Each structure stands twice: as structure tokens, then as C-alpha cells.
Amino acid sequence: MSENLKDILSNLSTEIDQETLLLYLQDKLTSEKKHEVEKKLLENEFANDAAEGLQDFRNKEHLATLVDHLNRDLKKKLHNKRTQRTKIHLKEYPWLYFAVILIIVLIVISYFIIRRLLNNN
Amino acid sequence: MIADKHKHITDQQLLENFYSSQDNEWLGVLLQRYTLLLLGVCMKYLKNEEEARDAVQQIFLKAITELKKYRVEYFKSWIYMVAKNHCLMKLRDEHGKNPVELSERYLEAKDEAEDNSNLLQKDVTLDMMAEGLKELHPEQQQCVTLFYLEKKSYQEISGATGFTMMQVKSYIQNGKRNLRLLVEKKLKNKK
């Protein structure tokens with residue numbers, strides 16, 4: 001009894017993983033588990049707000065797919081940012097372009113000189 | 001939904017990894033942990049599935065930009081505040097409403113958590129809580145007792161009392177807050 005009373009003011013272990021929250025929203029948890037999730041929700045403002053909002057989705061079975069789409073989109077954005085960053089880095093070093101062009105020109109000139117020398121021989 | 005290989009890494013560690021390597025992959029892993037919660041928060045405020053989805057994408061973009069500019073210590077609280085501010089700004093733009101200052105509310109919530117743990121450290125508090133429970137409004141007393149002492153779920157309490165799920169939740173939240181105030185008052189009177 002006293003341990004249960006302590007629960008009312010406790011703030012321990014309020015983390016809820018996304019999978020458990022989804023199962024809770026889809027009404028796929030036992031009463032005991034549901035109670036555990038609800039106890040955590042009362043202590044976790046972020047998750048509590050989220051659960052309230054997620055309850056309003058018409059199709060809760062579709063939530064996991066929706067999250068996957070958002071995650072995939074996020075990965076794409078992060079990948080694009082990385083590519084942009086690489087391009088920006090190249091722009092920051094114009095001498096790098098110059099060096100590459102110079103090396104190519106030197107290789108071409110060397111090729112023609114060697115070819116000419118070989119033809120002369 | 002989240003890659004298992006990163007589950008053992010804390011938010012703090014993921015942020016540190018990002019700050020030290022500047023590798024966006026760490027940021028991706030971190031943000032993905034909160035996709036469902038962000039979607040829920042945006043839906044709560046915006047009340048529209050499409051808008052909530054768009055808002056999550058915009059919050060991701062904002063987080064990516066901001067996290068590169070400065071160090072964030074407590075990611076979870078930070079991203080929650082970013083999400084709420086984003087939604088409130090969007091509502092203000094749409095309806096001309098003034099956004100609520102969230103940083104102060106956040107600090108209050110933190111203080112309450114600290115106060116609760118202080119209260120629990122005192123043995124005398126348990127007797128006071130039992131007394132206080134009897135002084136709550138009957139609905140609150142009933143719901144708090146069924147939830148915390150008999151470990152029933154909202155659904156079971158709703159079935160047993162005839163209250164709606166929203167009423168049950170509200171009675172528990174308000175009952176809990178009132179009980180805390182009653183215990184504080186009793187402690188003050190004792191001194």
C-alpha cells in the first residue's frame with residue numbers, strides 16, 4: 001500500500017519506447033501493461049501530449065508506416081545535406097580544381113612528347 | 001522502427017558523436033527516436049494529419065540547422081520545445097493567436113519533478129498522502145485509488161465508474177496535483 005502511494009508522487013523511469021506506445025494506441029497491450037504505460041504518460045509531458053495527438057489519427061494501424069515514411073524522408077534530407085556540404089568544401093578550395101587541371105594538362109603534354117620522341121626514333 | 005544496433009547509445013552520446021564527427025548519420029538516429037512523439041505532439045496542436053506530417057518534416061529541418069549552430073544539452077526537452085513552439089507559431093500565423101511562452105512552463109515542470117522527489121524523501125509524507133487522498137473530491141479520490149493503488153488501466157476505470165476515458169485521465173491528473181498540494185500544505189502546517 002505505502003509503495004503504491006509513493007507511485008503517486010514518483011518521477012522515476014518515465015521513458016516509453018515508440019513500439020510500446022504504438023501497441024498501446026492500437027489497444028494491443030494487456031491491462032497490466034496498459035496501466036504501466038499510462039503511469040509513465042502521467043509523468044512524461046512530451047509522451048503524454050504525443051499520445052493525446054496520436055489518439056486522433058483515424059487509422060492507428062497506419063501510424064508505423066507513416067513514421068517509416070518520415071524517417072526515410074529524413075535520411076534523404078541528411079544525405080542531401082552531406083552531399084551539399086562536400087560541394088561547398090570543394091568550392092572553398094579553388095586551388096584544388098587548379099591542381100587537378102594542371103596535372104591532367106601535364107599528363108597530356110607528356111603523352112604527346114613521349115609519342116613524338118618514339119616516332120622520331 | 002529504430003535500428004537495433006543503436007538502441008544501447010544514449011541521446012547524449014549520439015549528440016556527442018555528432019558534435020565530434022559532424023556526421024549526419026548520428027543526427028538521423030537521434031531524430032528518428034522521436035518521430036512518433038513529434039507526430040503526436042504536432043497532431044495534438046494542429047488537429048490535421050497532413051499538417052502534422054508536414055510540421056514534423058519542418059521540425060526535422062529546423063533541428064538539423066540549429067544543432068549545427070550550437071550545443072544542446074538535453075535533447076529530449078529541447079526537441080519537445082522546438083515542436084511545441086513550431087506548432088504554436090503555425091497556429092498564430094493561421095489564426096492570429098499569440099503563442100504561449102513555453103520556456104517558463106518547461107522550467108515549472110522541472111521544478112515540480114524536483115519537489116515531488118523532495119516530498120518522497122520524508123517518511124511522514126506517506127501518512128499525509130493517505131490522509132490527503134481522503135480529502136480529494138470523490139471522483140478524483142476514486143480514480144486515483146483505482147489507478148495508483150489498484151493498478152487499473154484507464155479503460156478498466158472507465159468501465160467500473162462510468163466516466164469517459166478523458167474524464168478518468170483528467171480526474172487522475174487533477175487528483176494527483178491536488179494531493180501534492182495537500183501534502184505540501186500539511187507539511188507546512190506541521191512546521
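This is a predicted model: local features need pLDDT of at least 70, side-chain atom pairs count only at pLDDT 80 or more; totals for chains, interfaces and linings use all residues.
The angle in question is roughly 135 degrees, and the two axes come within 10 Å. Helix α8 of chain B covers residues 138–149, while helix α9 of chain B covers residues 154–161. Their crossing is right-handed.

Which residues in α8(B) and α9(B) meet? From α8(B) come Q142(B), C143(B), L146(B) and F147(B), and from α9(B) come I157(B), A160(B) and T161(B). Sorted by class, this contact has five nonpolar residues and two polar ones, with no charged residues.

**Loops and a helix residue in chain B**

The loop between α8 and α9 of chain B is also worth a look, as K151(B) is placed there. K151(B) has a positive phi, near 55 degrees, and is a residue other than glycine. Another residue to look up is Q22(B), which has a positive phi of about 55 degrees although it is not a glycine. You will find Q22(B) in the loop between α1 (11–21) and α2 (24–32) of chain B.

Is Q22(B) buried or exposed? Q22(B) has 12 C-beta neighbours inside 10 Å and therefore counts as exposed, since the cut-off for that class is 12 or fewer. K151(B) has 15 such neighbours inside 10 Å, so K151(B) counts as partly exposed. L126(B), with 17, likewise counts as partly exposed.

| Residue | C-beta neighbours inside 10 Å | Class |
|---|---|---|
| Q22(B) | 12 neighbours | exposed |
| K151(B) | 15 neighbours | partly exposed |
| L126(B) | 17 neighbours | partly exposed |

L126(B) sits in helix α7 of chain B, which spans residues 124–135. How far apart are the C-alpha atoms of L126(B) and H86(B)? They are separated by 41 Å, and the two residues are 40 residues apart along the chain.

**Confidence in chain A**

For chain A, the mean pLDDT is 84, and 79% of its residues reach 70 or more. Among the elements of chain A, helix α4 (residues 45–54) has the highest mean pLDDT, at 94. The lowest, 63, belongs to helix α1 (residues 2–9) of chain A.

Methods: Residues are numbered from 1 along each chain as its sequence is written. Chains are lettered from A and ligands numbered from 1 in the order in which they are written. Axes are lines fitted to C-alpha atoms, for helices over the stretch in contact, and angles run from 0 to 180 degrees between N-to-C directions. Helices (H or I, at least four residues) and strands (E, at least two) are DSSP runs, numbered from the N terminus. A crossing is left-handed if the near helix is turned anticlockwise from the far one by less than a right angle, and right-handed if clockwise. Two residues are in contact if their C-beta atoms, placed from the backbone, lie within 7 Å. Ala, Val, Leu, Ile, Met, Phe, Trp, Tyr, Cys and Pro count as nonpolar, Asp, Glu, Lys and Arg as charged, and the others, Gly among them, as polar. pLDDT is the predictor's confidence in each residue, from 0 to 100. A residue is buried if 20 or more other C-beta atoms lie within 10 Å of its own, exposed if 12 or fewer, and partly exposed in between; C-beta atoms are placed from the backbone.
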